[in-house]
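Subject: Structure handover

Dear colleague,

I am passing on a structure for you to look through, and below it you will find my notes on what turned up. Please read them with the model open beside you.

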Amino acid sequence: VIFMAVKKSLKALILTDSAGKARTLKKFLGRSYAVISTDGFLKDLPKSRIGIDENFQPDYITVRGKGPLLSELRKETLNARRIFLATSPDLRGEFLARQFCEVFGVNQYSNCRMYFTEMTKDAVKSALENARPIDDKLADAFQAKQIIDKFVSHKIGEYFSYKIYRGVKVG
């Protein structure tokens with residue numbers, strides 16, 4: 001008698017940036033796809049310091065509390081047959097998709113980015129069939145905005161702390 005180990009069939013994995021979107025995609029796509037939410041950023045600029053060097057290069061750190069989720073996601077991505085990124089269809093979504101590629105070792109120039117503007121079954125299926133690479137220009141635009149916001153708010157905060165009162169925050 002020969003026993004054969006039945007290996008768990010690998011699924012395509014879809015990473016989203018919100019839990020609500022993940023639930024809806026699971027309903028639309030069924031069991032052949034694993035859908036997991038990251039609940040936003042996995043890595044971000046630090047809250048306690050500026051996090052930008054003199055050459056305006058960001059120093060991203062893992063978001064506090066996301067360590068266990070990050071290690072679980074790494075395990076899931078290693079077992080995935082293919083990875084798709086279904087983040088929001090804006091600059092932030094494009095940046096998050098590129099960040100997911102960097103964190104999980106996905107080739108950002110492969111057709112991994114699902115792009116849809118409505119949550120319907122047809123739109124989602126079409127987005128899967130027409131997946132595209134990450135648009136670096138859109139992701140860079142969000143990153144530049146994020147760096148400028150952080151840098152300016154930090155410098156203005158320092159000025160206000162000196163001129164008005166210590167500990168003032170600038171939003």
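A contact here means heavy atoms within 4.5 Å of each other. By that rule, among the contacts in the chain between residues at least 6 apart in sequence, 59% join residues at least 24 apart. This is a predicted model, in which local features need pLDDT of at least 70 and side-chain atom pairs count only at pLDDT 80 or more, while totals for chains, interfaces and linings use all residues. Residues are numbered from 1 along each chain as its sequence is written, and side-chain values use heavy atoms, with hydrogens and water left out.

Of the 171 residues, 38% are buried, where buried means under 20% relative accessible area, exposed over 50%, and partly exposed in between, with a 1.4 Å probe and protein chains only.

In helix 4 (residues 121-129), the buried residues are A123, V124, A127 and L128. They lie on the same side of helix 4 because they cover an arc of only 135° around the axis, taken from the directions from the helix axis to the C-beta atoms. On the other side, D122 and E129 are exposed. The cover over the buried residues of helix 4 includes strand 1 (12-16), helix 1 (19-29), strand 2 (33-37) and strand 5 (82-86).

In the contact of helix 1 with helix 4, L25, F28 and L29 meet K121, V124, K125 and L128.

Best wishes

Note on methods. Helices (H or I, at least four residues) and strands (E, at least two) are DSSP runs, numbered from the N terminus.
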